[in-house]
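Please look over the structure below.

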Amino acid sequence: MNKEKLKNILSFILFEITLKSILILFLTTFLCSFLLSITPRENRITVLIREDASYEKRAEEIQKFPGSYIVWLKNISQGDLGVSKSGQPVMEEGKQKLVITFTISFVSLILLIILSFIIGIKESGKFRPLVVLIYLISTLPAFFLGYILIGLFNFHLAIIPNYMMAILTLTLSSGIIYEFSKLINTAIKSEMQKEYIETAKAKGLKELALPYIGTIGFHAFRNAIIQIFSRIGSLLPIIISSSIIIEQVFGIHGLSFMLLDGFIDKDMNRILLVILLAVLLVRIGSVISKFVYLLLNPQYRYFQ
Amino acid sequence: MTQEIISQIEERVKHKPGQETINSIEGLKDVKLVSYSLFIIWPILAIIALVAGLIKLLSLFIKKSKLKDFSVTQYFSIILLPFYLIRSSAKQKETRTLIAVLLLLPFMLSTLFSPLFLLRSDNNQISANRGLAKPPVVFSVFQGNGEGLFGTNGNGEGIAQLIFKGTGQIYLLTFITVLFVIISGLWMGKQTYHRKTEFYIMGFAEIFESIPVFFLLLVILSIFGWWEAYIRESGILIRFFFNVTLIATIAILMGLSFLPRLIRIISERIKTFSSENFIDATKALGISQNKILWYHIIRKNCLQEIILFVSQIWASIILLEISMDFLVSIFPVLGAKVYSGWAQMLLSTETVRAILFIKELNFQHWWYYFFPVFFIITTVTGFYIYGDCLRRINEESEIDFDSIEKIPYHSLIHSLIAK
Amino acid sequence: MISFKKIVFILPTIFLCVCFTDCVKKDELVYISYERPDNLIPILNMNEEGKYLTELIFDGLVNKTTVSTGGREQYQWALVSEGGYVEESPDNRFLLSIYLKKGIKWHHGKEITSKDVLYTWKTIQQSNSPLKGWLDSFIEDISILDDENYKFKIKLKVERSKEAFMELFAPVKILPHEILENGTYVELPYDLSENSKYVNDFKWKPVGTGPYVIDDRQSEYISLKVNEEYSSGVPQIPVIKYMIEKDRNMAVKSLNTTKYGIIFNVNPESFETLNRDRLDYKSYIPYSFYVIAYNTLKSPFNEINFRKAINSLTRKDTLAKAFFEDITLETNEYVNHSIFPSNSRYPKSSEKLFSESTPYDPRSARRLLQVSDNNSNSFNLLVSSAIDGENRIKNFLASYSRQMGNEGIKVQIDDVTSPVYYQKIRDRDFDAVLIQFTGFDHFFDIRGLFKAGGELNIWGINDNSLNVMLEKFGSTIAWDKLLNSAIEIHSRVEELTPGCFVFTVPRRCYYSKEIRGLDIHPEVGFSTVENWKYNTN
C-alpha cells in the first residue's frame with residue numbers, strides 16, 4: 001500500500017473513529033442529561049398513572065445536574081450501565097432492543113440503496129408508472145402508510161411478517177427515495193457526458209447504462225458511486241429517527257419502547273442509553289461509508 | 001381483638017385516586033419567575049438577533065437603488081405569482097412547472113387565507129354543531145366554523161377551518177426553520193473558506209448530522225408539555241411568548257438536522273469557484289475577501305442551489321412536523337398537544353379506525369382523512385417537481401427569461417436572482 | 001425478462017391473495033392487553049395483567065372459580081386433599097391442620113410438599129407485601145413436622161373462622177421452596193439489588209403448579225402452553241398467547257383478526273368498533289364512577305335541605321347521555337342508583353335494597369328550597385377537564401348548568417388544571433366538585449369515604465352513628481353479614497346526602513363468539529379452564 005494511503009487510514013482511524021465519535025457521544029449525552037434535569041417530574045398524565053400504588057416508588061426526585069451525569073460517566077468507564085427503576089439491568093434490555101432496531105434500520109437502508117439505484121439507472125418508459133407510484137407513496141407520512149398496510153394485510157400478529165412490513169414502510173416513507181434516486185441519476189448522467197465514455201464507446205463497449213461488466217455503464221457507475229458514497233452516511237440518522245415512529249405503529253419492541261418506558265419513569269439510565277445506542281449506530285454507518293469512500297477514491301486526502 | 005383486625009386491615013395498600021398537591025410538585029414556587037425569564041427575555045433577544053441578521057443580509061444582496069426603481073404595483077404583483085407562473089409555463093409549453101404550480105396552488109391559497117382562520121373561532125356555532133359530523137356542502141366557506149366546504153368534525157369544528165389554520169401553522173414553522181437554516185448555513189459555509197474555522201465547522205456539521213432528531217425533540221416536548229398546564233391560567237402575554245419559544249425551539253432543532261447539508265453545498269461551491277479566474281481579477285482590484293465571498297461567489301453563483309435546497313427541504317420539514325405530531329399523540333406521557341390542524345385530523349380515532357378497517361370499505365367519515373392527505377400529497381409532490389424544474393434550469397438552462405413577456409414580477413425576481 | 005403486461009396482471013393478484021390471509025394458528029387463544037405484566041411472582045404487588053397470568057400459572061390451596069351462585073365466588077380445593085381441612089379438637093379453637101394432596105408436581109417435575117407452603121408464608125412475613133397485613137391479622141404461626149411432608153399446622157390468633165381462611169390465606173399462590181432457601185427472600189419490586197440469579201430468572205420464568213406453563217417470552221408477547229400433568233384435568237386450549245398492544249386502535253384490530261381472542265378492560269370509547277358480529281361481550285360491575293360532592297362545611301351546602309333540593313334537581317339520565325354522547329350503552333350499565341356501585345360480593349337480587357332517596361322531583365326540590373334557611377341560588381362547581389377528556393366534561397357541564405338554570409339556580413363552573421384541582425380539594429376550597437373515583441372497592445374504601453378523617457372524605461362528614469356503623473362494617477369478615485350493615489350505612493348516607501352519585505363508567509370484556517362457556521370475572525380473569533369449549537363445527 002502507498003505510504004500516503006497508510007497515512008490517510010491511520011489519521012482517519014485516529015480522528016474519525018476515536019476522537020470525533022467520543023466527542024459526539026459525550027456532547028449528546030451531556031445535552032440530554034441537561035434537558036432531563038429540566039424536565040419536571042409530573043404532568044397531567046403522570047398524575048393519572050400515580051393512582052396505582054406500584055408507581056409511587058418510581059416518582060423520585062429529579063436527579064441533579066451535573067453530579068448525576070458525572071456519576072453515570074464513571075459507571076460507564078467501569079462497565080456498569082446501571083439499573084432501571086423496575087430493577088432490570090439496563091444493558092440487557094438495551095442489547096435485545098438494539099438488535100431489533102439495528103436489523104430494521106440497516107436492512108431498510110440496504111433496500112433503499114438498491115431501490116434508488118434501480119430507479120436512478122433505469123429510466124425506460126415501461127417502468128415509469130411504477131416509479132411514479134413509488135414517489136407518490138413516499139410522500140405519505142410514515143404512520144399513515146403503516147396503518148394502511150396493517151389494514152390491508154393481517155400480518156401484525158406474527159413477528160417476521162410484521163418486521164417485513166415495517167422495513168417496507170421505512171424504506172418507502174422516509175422521504176429519501178426521491179432525492180437519492182435523482183442524485184444517482186444526475187451523477188450517472190454527468191458521468192456519461194464525460195470524454196472517457198466516448199473513448200470507451202469508440203473502443204466498442206456496449207452502450208447500455210446498466211452496470212454490467214462490458215458496458216459503459218459499468219465505468220460510469222464506478223465513478224458515480226464515489227460521489228454518492230459520502231452521502232450515504234447522512235441517510236442513516238434519518239432512518240433511525242423515523243424508526244421510532246414505525247416501531248410504535250407496528251408494535252415492534254425496539255429502542256423506542258425503552259425510551260417510552262424511560263419517559264414514564266423519568267429514568268435517566270434508560271434514556272441516556274437509548275440515545276447513546278442511537279448515536280452509536282449512526283456513527284458506525286457514517287464511519288463505514290467514509291472508510292469505503294477513502295479506500296475507493298485515490299484522490300481523497302484526510303488532513304486535519 | 002376486633003380493633004387489631006381493623007387496624008391491620010386498614011394498613012392495606014389499595015387503589016386511590018391521585019391526590020396531588022402543588023407543594024409536592026417541584027418548582028411551582030418559581031413558576032412565575034422562570035416563565036417570565038424564559039418566555040419573555042429569550043424571544044426578545046432572539047427576535048432582535050433575527051432582525052439584525054436579516055437587515056444585514058438584505059443590505060448585502062439588494063442594492064438600494066434597485067429597490068427604489070420598482071413601483072407599488074410591481075410589489076403587489078408578487079401575490080399573483082402562481083397565476084403568472086402558470087401562464088408563462090403554459091405559453092412555453094413547460095408541462096412540469098405547470099403541474100408543480102397546480103399542485104402547489106391549494107397550499108399557496110390556503111396560506112394566503114390562513115390568517116383569517118387563525119383569529120376567528122365561533123364557539124357558539126361549534127357548540128351547536130357538537131356531536132354532528134357533517135359531510136361537505138358547497139356553500140358557506142368562510143363562516144367562523146368553516147362549516148360546509150369540507151364538512152365538520154365530530155366536535156363541530158369545521159374541517160376547512162382546521163386545514164387552513166393548519167397550513168398557516170405549518171407554514172409558520174417551516175418558514176422559521178428555513179430562515180434559520182439559510183442564515184446560519186450561509187454564514188457557516190462562508191467560514192469554511194478559512195482553514196482555521198473549517199475544521200470546527202465541519203465537525204459541527206458532522207455532529208448534527210449524526211444526532212437523530214426525534215430523540216431530542218421528545219425530551220423538549222416533555223418540558224413544554226408541562227409548562228403548558230401552568231401557562232393556561234396565565235395572561236395572554238405569557239401565552240404568546242410561550243408559543244413563540246415553543247415554535248422557535250422546535251424550529252431550531254429541526255433546522256439543525258438540515259444545516260450540515262447546506263454547509264456542505266456551500267463549501268463545495270466556494271471551493272469550485274475560488275479557483276476561477278475572475279476571483280484573481282477581483283483580488284487584483286483590491287476588493288476585500290469578505291465581499292468576494294458574499295457577493296461574487298454566493299450572491300452571484302450559489303443562489304440557485306440554495307433555492308433548490310429550500311425546495312427540497314420544505315417538503316421534508318412538513319413531513320417531519322406531522323410525524324412529530326404523531327409522536328406527541330403516541331407518547332401521551334409527555335403531556336404535549338398536537339401542533340397542527342392537519343395532524344389533528346389524520347390522528348383522530350375515526351381516521352385511524354377507518355384506515356385500520358379499510359377492508360370493510362366503510363367510507364363513512366371520508367372527509368376526515370381525504371382532505372389532509374390530499375393536501376400533503378399535492379404539496380410534497382409539488383415541491384419535488386418544482387425542485388426538479390429548478391435543477392433542469394440550472395443544468396440545461398432551457399427556460400429563457402428574456403423571451404418571456406415583460407411582466408412586472410418577472411423583472412423584479414429576474415433582477416434579484418438571475419445571473 | 002419481465003414485461004410490463006405481466007407486472008400489470010400478476011402483481012395485483014398476488015397482492016389481493018396476500019391481503020386475505022391470516023397469520024394466527026387456529027388453536028391459539030389470543031389475549032390482548034394494553035400493559036405488560038409487572039412481574040410474575042404472585043406474592044409481589046403487581047398490575048392486573050400480571051394477576052391474570054399468575055392465575056393460570058400458579059395454584060393456591062384453593063382456586064377461585066367464576067361459577068356464580070348469586071354473584072358470589074366459589075372456591076375449589078386445588079392442592080388440599082378431600083377432607084384435608086381439619087379443625088382440631090373443639091376445645092382448642094385456635095389450631096388447624098391441613099393435609100395436602102399427594103402427587104401434584106411443579107412444572108419442573110418435583111412434587112409439592114408442605115415445606116413449600118411454609119416457605120411461602122415465611123417470605124410473605126419478611127416482605128413488605130400487602131398480604132402480610134391480612135395474614136398477620138389472624139395467623140400466628142405455621143409449622144411442619146419433619147417426617148410429615150404433606151401436612152402442616154396453622155396456629156390462629158382469632159377463633160376459627162373458615163371464611164377468613166378461605167378468603168385470605170387459601171387463595172395465596174404457593175411458590176417452590178428452592179428460591180426461598182438460604183435466607184434469600186423476595187422483596188418488593190424495584191429493590192432487587194441483592195437477588196440471586198435464580199430469583200431474577202424466576203421473576204420471568206415462573207414455576208408453578210397451575211394448568212399452564214410459560215413457553216416463550218418475547219417483548220411483544222408471552223405464550224403459555226398446557227401443563228399435561230395438571231391434577232384437575234388438562235384444559236382444552238393448548239396455547240394461550242398474551243399479546244401486548246399499547247395502541248388501543250391496534251388492539252381492536254388485533255382482536256378482529258384473531259379467531260379466538262379476548263380483550264379485557266375496554267373503555268367505553270372503544271365499544272362502537274368492537275360491537276361487531278364476531279364479538280360478544282360481558283359487562284363488568286363497574287369500578288369507577290363520577291360524583292358531584294358537596295362541601296358540607298361551607299355554605300350553601302352546609303344545610304341539608306339545600307343539598308336534598310339540588311339532588312332532586314339533577315337528572316342523571318340526561319347527564320350520563322351528555323357524557324357518553326356517541327356511545328350506545330344500556331342504562332343499567334351506567335346509571336348509579338346506589339352508593340355501592342362496585343359490588344362483587346353481594347348477590348344480584350340485593351341491588352333493589354339500595355335505592356335512591358332523592359330521585360328527580362322538581363316539586364319537592366322547590367318545596368325544600370322554600371323551607372331551607374339558605375337563600376342562595378348559586379354555587380361554584382370545581383372541575384378539571386384536563387384530567388378526564390375535555391369534550392365529554394364540557395357536554396356534561398353544559399347539560400348540568402342548563403338543568404339547574406331551568407329552576408333558577410346559577411352554577412358557576414371553575415375549570416382548572418389538575419394540580420390546582422387537587423390542591424383545592426385538599427383545602428376544601430370549593431362548593432361542589434365533580435370527582436371521579438377509580439379502582440374503588442367498596443369494602444376497603446367505603447370507610448375512607450364516609451368516616452370522619454377518612455382519606456376520601458372530601459365532603460367533610462362527621463356523623464357519630466355513621467362512624468359506629470362503619471367500624472362494625474370493617475370488623476365483619478363474613479360476607480353474609482356484611483349485607484345488613486351495608487344497608488344500614490347506605491340508608492344513613494342517603495339521609496345525609498353528602499353528594500350526588502351521578503353515573504358509573506362501565507367496562508367490558510370482549511371475546512370472540514367461538515369461545516363458548518367462558519365465565520369472566522374482573523378480579524380473577526378466567527380461571528376455570530375446564531369450562532372452555534370451542535365451537536365443534
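In this predicted model, strand E6 (residues 139-143) of chain C runs antiparallel to E7(C), joined by 4 bridges. Strands pair if DSSP finds at least two bridges between them. Local features need pLDDT of at least 70 and side-chain atom pairs count only at pLDDT 80 or more, while totals for chains, interfaces and linings use all residues. Residues are numbered from 1 along each chain as written, with chains lettered from A and ligands numbered from 1 in the order written.

**Strands of chain C**
- E7 (residues 151-156) of chain C is also joined to strand E5 (residues 95-100) of chain C, by 5 bridges and antiparallel.
- Ile154(C) in E7(C) is the bridge partner of Leu96(C), and Ile142(C) stands opposite Ile154(C) as well.

**Helix packing in chain A**
- The axes (lines fitted to C-alpha atoms over the stretch in contact) of H11 (residues 235-250) and H13 (residues 268-296) of chain A come within 9 Å and cross at roughly 150°.
- H11(A) is therefore roughly antiparallel to H13(A) (angles over 145 degrees).
- Leu236(A), Pro237(A) and Ile240(A) of H11(A) meet residues of H13(A) including Leu281(A) and Val282(A) (C-beta atoms, placed from the backbone, within 7 Å).

**Chain A overall**
- Chain A has 13 helices and 0 strands (DSSP runs of at least four residues for helices and at least two for strands).
- Buried residues make up 43% of its 304 residues (20 or more other C-beta atoms within 10 Å of the residue's own).

Technical notes: Buried ≥ 20, exposed ≤ 12 C-beta atoms within 10 Å, placed from the backbone. Axes fitted to C-alpha atoms, helices over the stretch in contact; angles between N-to-C directions. Parallel < 35°, antiparallel > 145°, perpendicular 65-115°, else oblique. Contact = placed C-beta atoms within 7 Å.
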